[in-house]
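Please open the structure in a viewer and keep the selection panel at hand.

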Amino acid sequence: MKRILVLLLTFMAVHAAMLRAQPYCVSGRVMDASTRTPMEYATVVHQTTGQGTVVGPDGTFQLRNLPKGTARIEVRLFGYVPQLLTFALTRDTSIVVMLVEQDLRLDEVTVTSQKQNIETTAYTVDRTSLDHNQIVNMSDVSVLLPGGKSQGDQSLIDDRRIALRSEGTGEMGNAAFGTAVEVDGQRLSNNGEMDETTGASTRTVTTSDIEEVEVITGIPSVEYGDLSNGMVKVKTRRGKTPYMVDVTLKPHTKLAALAKGFSLGRTGQGGILNVSYEWTQSVSSLTSPYTTYRRNGLSLRYTRQFLKEKAMPLNFNLDVKGNLGGYNSKSDPDAFSDTYTKKQDYALRSLMRVQWQVGRPWLSYLELSADVSLEDKEQRVNTNRSSATSQPALHTIEQGYHIADGSAIVMGPTGYWYELAITDSKPVDLGVHLKAKWDHEKSLGGDYRMESHAKAGVDYTASGNEGRGLYYDEASFAPTWREARYDTLPYIHNLAVYAEEQAALQLAHKQDIRFSFGLREDVTHIAGSDYGTVSSLSPRGSVQYGIRGKKKELSIHAGIGKSVKLPSMQVLFPTITYVDWQTFASGTTASGEACYAYYTQPSSALYNASLKWQYSLQREVGVEAKLGKTRLSLTYFNTRTFHPYVRTSEFQPFSYELTSPITAPDFPIPTANRNYTVDSHSGKVTVHDATGIVADQELPSTTIRRYTSNTRWVNGSSSTRQGVEWIVDFARIPALRTDIRWDGTFYHYRGVETTLVASHIGSSTNQSDGQPYSYIGYFEGASAASNGSVQSQLNTNVTFTTHIPVVRLIVSVRFECSFYNMKRALREDSEGNLTGYAMRDATDYFGTTSDYTDHYVAVYPKYYSTWDDPTTLRPFYDDLMSARDGGNVNLYNDLLRMVRKSNTNYYFNEDRISPYFATDINVTKEIGKYVKLSFYATNFWNNTSRVHSSQTDRRTTLYNSGRIPAFYYGLSLKVRL
Amino acid sequence: MKHLLYTYIIGSLLMLLASSCIKDEPLSYESFDVPVQMQNPVTGEGMSGIQVVMSTTLGNAWQATTDDAGWAHFTLPAGIYDLSASGLFTDTEGQEYVMNCSSSNIKVNAAAPIVGRGMVLSMVASRRGSLIIKELYQGGCQKDDGSGAYYYDKYVILYNNGQLPITIHQLGLGMAPPYNAQASNANYNADGQLNYADEGFIPAIQAIWHFNDSLHLEGGEEIVIALNGAVDHTVSYSQSVNLGKPEYYCTYDPLTFTNTTYYPVPSEQIPTSHYLTADLYGQGNAWPLSQVCPAFYIFSVPDNIDIDAYANDADNIWYHNHVVSASGACIRIPTEWILDGVEVYTTTSTKNAKRLTDEVDAGAVYLTNTFGYSLHRNVDVAATKAIPGNEERLVYGLNETPDASQGVVPADPSGIHAEASARQGSFIIYQDTNNSSNDFFERYQATLRD
């Protein structure tokens with residue numbers, strides 16, 4: 001931490017010393033291009049510094065204290081095409097901006113994602129594209145990225161998460177967990193969730209009020225931390241707007257929304273308040289539309305500028321967003337009476353931001369923001385239960401022997417009852433952020449000029465959970481369960497400091513170089529964690545070289561960045577788990593009553609002093625070109641994940657006493673008078689005579705040898721994701737008024753885990769002598785046939801967009817093509833040598849370390865250990881051979897049980913799927929000025945043809961395969977009043 | 001508009017004309033002659049007096065008896081048939097054998113090669129054993145609160161079907177894969193035969209249970225084995241059975257199977273010596289005998305082979321569906337060890353497929369589960385009546401039970417109420433042709449509820 005503070009102070013001092021530039025003023029008027037009337041409430045923002053203002057009733061505005069250099073002024077007003085003016089600011093400047101109404105009468109309308117021309121890979125999806133594609137779950141914007149696949153049914157029943165530059169299934173690491181999502185600058189964090197380790201849910205984010213989505217798949221700024229797989233930034237609509245009604249109908253989903261931007265005060269001086277409400281409902285089944293997920297999102301976004309006429313104006317934002325809704329199956333008439341699952345998905349998020357436009361040489365801009373997110377994700381599951389016998393419910397939390405006594409072990413009821421399980425989860429996320437910017441321009445002589453835009457900031461975030469965890473409304477009906485309250489766990493505190501320099505060097509002949517370099521230090525603290533306070537340093541940098549002409553442009557960019565994903569709560573503050581062994585059970589009485597005793601072993605993850613923090617090293621190189629009206633962008637990316645967190649088990653031998661039920665007819669204590677106790681240390685069961693007549697009877701027992709296990713988090717092997725993304729926007733075909741886009745990705749993943757992991761084949765398995773299995777196997781990577789995989793995909797989309805302004809119609813047809821889809825399981829060591837044995841028959845155990853194709857593959861543990869000598873790792877193969885050749889049949893058979901085999905003889909075959917296609921159509925039509933209709937159909941030819949799998953040499957149907965979207969459709973109506 | 005109308009009328013007339021010129025396809029109710037010959041597996045000669053049944057998946061059946069040359073003659077509508085044949089054969093030394101034969105997916109249509117020319121099938125001989133499965137109850141019953149079915153009350157009754165006492169050593173219980181008859185089954189060869197049919201074994205999936213001591217049964221004596229909870233289930237489920245009686249046996253091995261829902265500790269009245277032991281080579285915390293349609297069998301391991309060692313021997317492992325997985329792991333149980341078996345089909349599917357080979361069970365019995373019905377042996381009327389003094393003690397009227405009168409559950413075709421007859425002192429001999437189609441009926445309730 002000290003090192004970064006020193007670095008930050010040095011950075012600020014150096015930068016302040018550099019700044020000598022004179023601030024300038026940009027003023028002007030914003031007018032309607034057709035009526036020439038002033039455009040009150042338009043927002044004017046200087047993009048580099050973030051300074052902004054709202055246009056007054058006479059259409060005038062003024063931005064003060066802007067730095068010398070290239071000024072990028074963006075002017076926005078709802079219903080009008082945003083204008084971006086770029087010019088050299090070398091003196092006080094006055095401009096006039098003409099805004100044009102945004103509708104389908106315009107020539108330039110886009111319904112696809114747009115690549116940003118900056119020094120990293122990022123895409124923008126605007127409102128028109130969202131409407132055209134009828135996005136109802138924000139995570140579905142990935143459909144619009146290069147090579148993206150349509151979703152078909154975008155129902156909210158499925159809680160989909162975004163995972164950028166990943167194909168998800170079967171890959172090592174956790175791409176979804178590493179993909180960050182922000183809404184208006186507020187992070188949707190999942191750190192406070194106790195029952196999952198994945199990306200944040202986006203179901204509670206209303207989509208009808210989204211203005212724009214920015215997806216950064218490349219190297220993000222160091223301003224953004226706690227991520228490793230990119231960033232999704234959602235920006236909602238702000239500014240004065242008319243009433244807007246949005247209705248969307250799909251077979252499984254209905255959406256209705258109302259929104260308006262109000263100006264407050266007589267002349268709008270009181271600020272602008274945007275209010276939106278959205279109701280969305282999805283049903284799980286059309287034939288039984290009773291199980292639903294509902295979203296009721298209300299959003300209030302207040303924006304005001306203070307000290308507007310002063311030298312240093314202040315922008316103030318206050319957002320309050322809430323959601324009521326969730327999953328509910330209670331009204332399903334097909335379910336048994338009063339059985340249901342209800343999952344609340346309540347959220348209250350608030351963000352307050354103050355931006356101070358200082359505009360001084362020593363500081364250009366200062367932003368302070370604070371946010372809070374409170375969620376209530378209570379889940380209630382009511383189940384009807386019944387039993388003929390009293391079943392043991394274990395609530396023991398102490399190590400040792402326990403007998404059913406009504407507290408540690410409770411004997412459940414017989415007959416019929418309801419069990420209401422409540423999982424109370426209330427994630428809380430807090431954040432305070434301070435960011436400062438310095439802007440600076442310097443002429444280097446001739447046409448050479450340098451602009452510098454530096455920023456530095458401090459972020460503090462805290463995540464925790466105020467929920468109670470799992471509990472039951474009736475303790476006597478609770479099954480085996482231990483209370484683990486979330487609200488007693490400490491919060492994760494994270495303090496981050498970052499500094500970044502973004503500079504642009506203007507060269508002669510319309511050439512420029514832009515680069516950015518930043519450092520970010522994250523410090524994480526969890527009270528009571530064995531790991532103490534942990535920290536990590538993430539350096540990131542990127543550079544872009546461009547030649548920009550009127551008709552031709554070429555730019556090349558490259559970047560490298562390290563993103564550290566600190567261990568989750570699960571690692572740093574492990575919860576206790578319990579293993580229970582039944583040691584005694586009295587015989588069941590005629591009324592179904594019985595008494596059980598168990599040995600309980602609590603365990604939690606062991607501290608690993610040598611655990612390193614998982615990080616990703618992202619590298620990318622890209623090129624963008626403009627040739628006439630054809631645009632091309634091409635990016636190669638390579639992301640390597642180092643030291644991923646891998647959960648391993650460590651086994652310790654232990655034994656317990658097993659006592660058989662009493663069934664001897666001559667037992668001295670009659671059944672009705674028996675009371676049982678167990679010695680918590682020795683496990684001996686004693687029968688007491690309730691009448692006191694017969695002396696206590698200690699029951700005989702036998703010793704059973706088992707293992708207890710503990711988790712230890714270790715660092716696993718590295719994995720690599722790499723690929724190419726491209727977009728080609730061809731010049732429009734004027735006669736057809738049609739644009740053609742060709743986009744796609746080639747994606748390749750390879751990961752092999754070679755960490756030595758211990759494995760026991762299961763407590764139910766006995767060895768040849770009838771005793772519980774007593775050997776531990778040590779496998780490379782996993783006690784399974786494969787320890788890794790390789791996969792490649794080539795997905796491309798060709799989109800034809802026909803836009804006819806005169807009838808206000810836009811039609812796009814997209815061909816989704818998967819030309820190459822290959823996956824193969826691997827079993828090899830860290831040097832790539834095959835370590836499995838290829839066999840002809842499933843029942844074989846021996847083979848050759850040759851090509852696995854069309855063979856069953858056996859995998860031996862590298863070592864094994866015994867119950868008597870758990871620390872000595874014996875060579876498995878040598879001992880197996882000795883047992884076989886020496887006639888030790890029992891050991892031979894017992895060791896063979898540890899051998900893992902591939903399920904089939906084609907398991908390791910390369911699985912290449914023959915090419916397949918789907919076609920989507922989207923239509924948007926404006927009816928007059930106020931009404932817009934959109935219709936879409938995915939896979940509208942309902943392609944159900946068959947594809948060939950090289951793994952099995954079989955052809956299977958695409959129908960319901962998940963490879964292409966299902967035939968699906970939707971209709972939406974938008975009205976502006 | 002007129003043009004459209006005229007075009008429509010002319011088009012319709014042309015379509016009518018064209019359709020009248022199309023030659024009629026053979027109608028589906030056209031019938032075909034299909035002769036079938038049953039051959040002696042040793043001599044290759046036709047066997048007379050064999051009952052042959054051709055049945056469709058819809059349950060329609062045609063029956064014929066072979067003539068002196070071994071031919072049974074059928075006239076069948078086009079369709080796909082399963083064949084089942086059984087009969088008795090006594091060799092020159094007086095040894096009686098049960099002869100069985102089955103074949104699936106027999107196509108009958110105008111192009112089928114068997115039409116007119118017929119097909120020849122070789123029968124399989126197997127010996128009749130004394131220990132038989134008298135009743136299998138595994139389909140569950142309705143819960144009292146109306147919330148569905150209760151399944152944890154399965155049991156089987158084994159019966160000494162001879163008049164002499166028997167002692168069975170290392171008696172085991174097994175089930176053939178897949179767990180359900182209608183489940184995906186890749187254990188069939190391209191020619192429609194089970195790939196282990198000629199290998200001399202039946203796979204036992206996941207685990208086997210076995211007695212720890214030899215089992216001795218007098219003639220006509222039976223034992224009840226609780227396959228899940230050996231407790232009185234009627235405490236909570238009035239339609240269920242009491243499996244907590246002291247004479248009952250039970251599958252209870254808490255070291256191997258820890259699921260207390262399947263295996264609550266047995267009734268305190270059942271001695272621990274009546275607990276069976278499990279040998280697990282697959283995976284799971286319970287032995288999941290299908291509640292719908294299992295293939296269940298009993299076997300006895302020869303004295304010179306230890307049953308535990310056999311189950312643990314890696315060389316005996318075999319994988320269901322050719323898929324190597326703990327969930328599909330089986331061991332080979334030699335057919336000659338198998339004493340009896342019952343192949344159960346579900347009435348809710350037309351995709352039932354055989355799992356037991358003809359030597360064990362050449363047929364199948366259908367079960368409608370969840371309503372408390374059980375599968376029960378038919379009485380061998382001739383053999384039972386042949387025992388002196390038996391006939392007058394036989395009780396009839398089982399096929400007059402309320403459920404049977406509603407046509408829901410077929411009863412013993414003879415109408416003999418075996419349990420009531422036994423209570424009257426009758427010695428019952430059950431039918432044992434190693435063919436469940438002939439040997440079992442679906443009983444209106446478990447006999448333990450009588």
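## Confidence and overall content

Begin by colouring chain B by pLDDT: the mean for this chain is 87, and 88% of its residues reach 70 or more. The model is predicted, and the predictor gives the complex an ipTM of 0.79 and a pTM of 0.84. Next, select residues 15-27 of chain B, where pLDDT stays under 50. For this stretch, the model has one contact beyond four places in sequence.

Now show chain B as a cartoon. Six helices and 27 strands can be traced in chain B. Of its 450 residues, 49% are buried. Among contacts in chain B with a separation of 6 or more, 73% are between residues 24 or more positions apart.

## Strand 14 of chain B

Select strand 14 of chain B, residues 171-175. Is this strand enclosed or open to the outside, and why? Five of its five residues are buried, so strand 14 of chain B is largely enclosed by the rest of the structure.

Display the side chains and look along the strand. In a regular strand the side chains alternate between the two faces of the sheet. Here L171(B), L173(B) and M175(B) point one way, while G172(B) and G174(B) point the other way; all are buried.

Strand 21 of chain B, residues 295-300, runs antiparallel to strand 14 of chain B and is joined to it by five bridges. Within this pairing, M175(B) stands opposite F296(B). Strand 16 of chain B, residues 207-210, is also antiparallel to strand 14 of chain B, with two bridges joining them. On that side, G172(B) stands opposite H210(B).

The peptide bond joining P177(B) and P178(B) is cis, with omega of about -5°.

Phi of N434(B) is near 55°, a positive value in a residue other than glycine. N434(B) is buried, with 28 other C-beta atoms within 10 Å.

Then move to H643(A), which lies in the loop between strand 37 (630-642) and strand 38 (645-659) of chain A. Phi of H643(A) is near 50°, again a positive value in a residue other than glycine. H643(A) is partly exposed, with 17 other C-beta atoms within 10 Å.

## An open sheet in chain A

Stay in chain A and select strands 39, 40 and 41. These three strands form an open sheet in the order 39-40-41, with antiparallel pairing. Strand 39 (674-678) and strand 41 (697-698) of chain A stand at the edges, each with a single partner strand, so one side of each is left without a neighbour in the sheet.

Zoom in on strand 40 of chain A, residues 685-689, which two bridges join to strand 41 of chain A. Here T686(A) stands opposite E698(A).

## The helix pair of chain A

Select helix 4 (876-886) of chain A together with helix 5 (889-896) of chain A. At what angle do helix 4 and helix 5 of chain A pack? The angle is about 140°, with the axes 8 Å apart. Helix 4 of chain A passes helix 5 of chain A in a left-handed crossing.

Show the side chains where the two helices meet. Helix 4 of chain A contributes F876(A), D879(A), L880(A), A883(A) and R884(A), and helix 5 of chain A contributes L891(A), Y892(A) and L895(A). By class, this contact has six nonpolar, no polar and two charged residues.

In helix 5 of chain A, Y892(A), D894(A) and L895(A) are buried. The buried residues of this helix pack against strand 46 (775-780) of chain A as well as helix 4 of chain A.

## The contact between the chains

Finally, display both chains and select the residues in contact across them: 42 residues from chain A and 41 residues from chain B. On the chain A side, strand 22 (379-387), strand 26 (415-424), strand 34 (577-585) and helix 5 each supply at least two residues. Strand 22 of chain A gives the largest share, three residues. The residues on this side of chain A divide into 13 nonpolar, 28 polar and one charged.

Key: Residues numbered from 1 in each chain as written. Chains lettered and ligands numbered in written order. Predicted model: local features only at pLDDT ≥ 70, side-chain atom pairs only at ≥ 80, totals over all residues. Contact = placed C-beta atoms within 7 Å. Helix = DSSP H or I, 4+ residues; strand = E, 2+ residues; numbered from the N terminus. Nonpolar A, V, L, I, M, F, W, Y, C, P; charged D, E, K, R; others polar. Buried ≥ 20, exposed ≤ 12 C-beta atoms within 10 Å, placed from the backbone. pLDDT = per-residue confidence, 0-100. Pairing = 2+ DSSP bridges. Axes fitted to C-alpha atoms, helices over the stretch in contact; angles between N-to-C directions. Left-handed = near helix turned anticlockwise from the far one by under 90°.
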